[in-house]
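Reader: I am new to this structure and would like to learn how to read it feature by feature. Could you take me through it slowly, giving the general idea before each case?

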Amino acid sequence: MRIIRKLKYFYNPIFLSVFICLLIFYLPKKQLELGDNLKSLLNQNQITKIYCYMENSPVKVSSGKSYLCKARLIEIEDNKGLKSSAQGRISLLIPCNLVEAYYPGKLYSIANENNHLYEAGSYYSFEGKLSNGFFQVQKCLNSYWPKNIYGRVDYFRSLCRLQFKRMMYAWGKAGALFLSLLSSSREYLETKVGELFRNAGLSHILALSGMHLSIFTSLAVFVGKKLKSKKAIYILQLTTLFLFVWFAGFSPSLLRAFIFSSLLFISLLAGYKNPDLLIVLSFTFLLQVIISPQDIYSIAFKLSYGALAGILLLSDFINSFISKFIPQKISSSISASCAAQIFTGPICIKNFGCIYPIGIISSIFISPLISLFIILGLLLLIITLLIPCFLPCSEFIMNILYNLIILITGTFSKAPRINF
C-alpha cells in the first residue's frame, strides 16, 4: 500500500516535471547538447592560447599527473596569432607542477616568479593544446582576481584554502583525509585509501554531500541552543551551510545538498513545518538543472539524487519488514542503505560495471566514525589555532582515529563485489 500511495506524486506538477526531464535527459542514447560547448570563429584544432574564467577549483585526476577543472571561455588565439572572442565552457587539464607550486611538501614543483594560485574565481591566460575536448595546459601566461567585491572574496577564499592545506599537511595522513572531507582536495590522500573506501562501498563518504552538511548544521544547532528564537537558529544554520559550501566549492553532489537543505530551512522559516521531502527534492532537481545544467550527466549528480530518492521512496517500506527482527535504530540505518543501493545500483552497473553490496553494512559503522572524525578535527583545529604548541597532540589524536577508520574500512573492503 505504501508504494501504491507514492503514485499520487504523478499528479503533482513539480514531480511530473522532473519525471519528464529524466526521460528527456537519460532515455536517448546520445547526450543532449547543453549549449555550453566551445563556440568561436577560429578552427578549434589550431587553438594554442585561451583567456578564461575558472569556475571551480582544480581537482586531481585519478592518474595523479594533472588537475581537472571547468572554465568559461572569453577569448582564444590560434597558432597564426589570430584572436577571436569565444563562448562556452571547456575542461582544463593543468599539470601538477603548476597547480602545486604553493602546496606544502610538493618540493618537485617549479618554483619561480611565474607561479600562480589556481582557484575558482580568477581569470587566466593559458598556452597549450586543445585535444579530445580538453585543453591541455602547458604554461600559464597570466592570472588575476577582479578588483571588485566578488574578486576580493574569491581571492580571500583561495588564500584560506591554501592555508588550510598547509595546516592539514602537519597532521600527516589524518590531515589528508580531513582535508578531503572538508574541501574535496585529495592532493595528500593516498591512492590506496580511496580504493579502500570504494571497495567497501563507501565512495559517498569522500564525496562532499548531505552527510557533511548535516554535521555542520548540527554543530550550528549545538552552538545556537542558547538562542531563544528558532528563526535565529535556522538563520545560523543557513549561514553555516553557505560558509561551508563557499569554502568547499559547488560540486554536483554538494550543490544538490545545499539547495535541498536551504529549501527546507526556508520552509521552516516560513512556518511550514512538515514539507514533503520528495517534492522538495524534485524542486531541488529543477533548480540545479537551471543553475548548473552541465551537472546533468555527472556521475556524482546521478548518484546523489538516486540515493536520496531511494531513501525517500523505499526506506520506510524496507524498514517495516526488518524492524521486526532488529532494533529500530539499526534497522532504519540498514533500510536507508538498502534503499540507496537499490536506486544507485543501476547507475553503478552502467558506469562502473559492478556494485559493492557491503556498503549497506559498512555505512552503519563508518559513517558515525567519520562524523566523529570531522567534529573532533574541527575542535582540535580551533584549539591548535589558539595554542600552536598543541599541534603534536592534535596530530596524535587525529591519527589514532584515522587508523581506526582505515582498519575497519580495510576489513569491509575485502568483501566481494558483484561484477556485471
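Reader: Which residue of S7 does Phe 126 stand opposite?

Author: Phe 126 stands opposite Cys 140 in S7. Before going on, please note that this is a predicted model, in which local features need pLDDT of at least 70 and side-chain atom pairs count only at pLDDT 80 or more, while totals for chains, interfaces and linings use all residues. Residues are numbered from 1 along each chain as its sequence is written, and side-chain values use heavy atoms, with hydrogens and water left out.

Reader: How do I read strands and their pairing?

Author: Helices (H or I, at least four residues) and strands (E, at least two) are DSSP runs numbered from the N terminus, and two strands pair if DSSP finds at least two bridges between them. Here strand S6 (residues 123–131) pairs with strand S7 (residues 134–144) in the antiparallel sense over 9 bridges, and with strand S1 (residues 47–54), again antiparallel, over 5 bridges.

Reader: In what sense do helices H4 and H5 run, parallel or antiparallel?

Author: Axes are lines fitted to C-alpha atoms, for helices over the stretch in contact, and angles run from 0 to 180 degrees between N-to-C directions. The axes of H4 (residues 149–169) and H5 (residues 173–183) come within 9 Å and cross at roughly 155 degrees. That makes H4 roughly antiparallel to H5, since angles over 145 count as roughly antiparallel, under 35 degrees as roughly parallel, 65 to 115 as roughly perpendicular and the rest as oblique. Contact means heavy atoms within 4.5 Å, and the residues that make it include Phe 164 and Met 168 of H4 and Phe 178 and Ser 183 of H5. The residues of this contact divide into 6 nonpolar, 2 polar and 2 charged; Ala, Val, Leu, Ile, Met, Phe, Trp, Tyr, Cys and Pro count as nonpolar, Asp, Glu, Lys and Arg as charged, and the others, Gly among them, as polar.

Reader: Is Ser 183 buried or exposed?

Author: Buried means under 20% relative accessible area, exposed over 50%, and partly exposed in between, with a 1.4 Å probe and protein chains only. At 1% relative accessibility, Ser 183 counts as buried. Its C-alpha atom is separated by 8.8 Å from that of Val 245, 62 residues apart along the chain.

Reader: How many aromatic pairs are there, and how is such a pair read?

Author: Rings of Phe, Tyr and Trp (its six-membered ring) pair if their centres lie within 6.5 Å, and planes under 30 degrees apart count as stacked, over 60 as edge-to-face and the rest as tilted. By this rule the count comes to 20 aromatic pairs. Tyr 26 and Tyr 297 have ring centres 5.9 Å apart and planes at 90 degrees, so the pair is edge-to-face. Tyr 26 lies in helix H2 and Tyr 297 in the loop between helix H11 (277–291) and helix H12 (299–322), so the pair ties together parts 271 residues apart in sequence. Tyr 26 is partly exposed at 26%, whereas Tyr 297, at 16%, counts as buried.

Reader: Which residues form one aromatic cluster?

Author: Phe 164, Trp 171, Phe 178, Phe 247 and Phe 373 form one aromatic cluster.
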